[in-house]
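Please keep the sequence and the structure in view while reading.

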Amino acid sequence: MAAAAMAHRKNQERMARIAQERADNKAFVDDVMKTWDHSKTGDLQMDELQAWLSASCNDNQPVTESEAKWVIYMVQGPAPSASGAPETNSGFAKRLERAVQPRELPKALEHFMAYKKARGTISETFAKFDTDSSGGLDMTQLGNLLVELNEGEPVTDEETQWVMKHADVLGNNTITKPELIIAISLWYSQFDKRQETVGGGAMCGRGVFGAMIY
């Protein structure tokens, strides 16, 4: 009897927490939309998303278009095609101009805050391989990065092309800073051959990058 009463009380407490979380979430969304939906469209357009993230989460520092598009990618993700095959990220780039829906705002904030936390590490890694200071890693530079991730072991052109294809969400044949998170995470999830010999220990190399994508 006592066990049943305790289980009932725990269930009531859990339901109360869920209800409170939903109420807090609605209040958060309502406040963001009231403040930043200047176009009155019921969603956040690209410039509104950038302004919100800049003022609310980025110490009033500008949020770049590529950073905003990365946030959109993270909250929306690739959509399956009519055939059921996953859409390529380069094809998905065509849909990155779309507005962020109110229900997506909590996730948008969560992903941007994770990105902000890792931005110093991202910038250092990016600068090391962006040898021409172009602001994007081309196929050769990406390959050099993957070789370092692979502890100096060769990486095939096919593997580099696969990472480029799936991490280049903007579809411009280069890897930007936000896309670097995706590229590194894809490498560790798909091509870390060291797992086969060390029992998966090499996956620890994901660090903050892996936590942001999975």
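Read along the sequence, the protein follows the pattern α-α-α-α-α-α-α-α-α-α, and the elements number 10 helices and 0 strands. The model is a predicted one. Of its 214 residues, 39% count as buried, while the accessible surface amounts to about 11,800 Å², with 54% of it belonging to carbon and sulfur atoms.

| Helix pair | Angle between axes | Axis distance |
|---|---|---|
| α2 (residues 46–57) and α3 (residues 65–76) | roughly 100° | within 10 Å |
| α6 (residues 139–149) and α8 (residues 177–190) | about 45° | 11 Å |

For the pair α2 and α3, the axes cross at roughly 100°, and this makes α2 roughly perpendicular to α3, since angles from 65 to 115 degrees are classed in that way. On the α2 side the contact is made by Met46, Leu49, Gln50 and Leu53, and on the α3 side by Glu65, Ala68, Lys69, Val71 and Ile72. By residue class, this contact of α2 with α3 comprises 6 nonpolar, 1 polar and 2 charged residues.

For the pair α6 and α8, the angle is about 45°, and the two helices are therefore oblique to each other. The crossing in which α6 passes α8 is right-handed. Here Leu142, Leu145, Leu146 and Leu149 of α6 meet Leu180, Ala183, Ile184, Trp187 and Tyr188 of α8. The residues of this contact of α6 with α8 divide into 9 nonpolar, no polar and no charged.

Thr176 has its place between α7 (157–167) and α8, in the loop that joins them. Is Thr176 buried or exposed? Its relative accessibility is 9%, and because buried means under 20%, Thr176 counts as buried. When residues up to four places away in sequence are not counted, Thr176 touches Ser66, Phe126, Gly135 and Leu170.

Notes
Residues are numbered from 1 along each chain as its sequence is written. This is a predicted model: local features need pLDDT of at least 70, side-chain atom pairs count only at pLDDT 80 or more; totals for chains, interfaces and linings use all residues. Side-chain values use heavy atoms; hydrogens and water are left out. Helices (H or I, at least four residues) and strands (E, at least two) are DSSP runs, numbered from the N terminus. Buried means under 20% relative accessible area, exposed over 50%, partly exposed in between (1.4 Å probe, protein chains only). Accessible areas come from the Shrake-Rupley method with a 1.4 Å probe; for residues, only the protein chains shown count as cover. Axes are lines fitted to C-alpha atoms, for helices over the stretch in contact, and angles run from 0 to 180 degrees between N-to-C directions. Angles under 35 degrees count as roughly parallel, over 145 as roughly antiparallel, 65 to 115 as roughly perpendicular and the rest as oblique. A crossing is left-handed if the near helix is turned anticlockwise from the far one by less than a right angle, and right-handed if clockwise. Contact means heavy atoms within 4.5 Å. Ala, Val, Leu, Ile, Met, Phe, Trp, Tyr, Cys and Pro count as nonpolar, Asp, Glu, Lys and Arg as charged, and the others, Gly among them, as polar.
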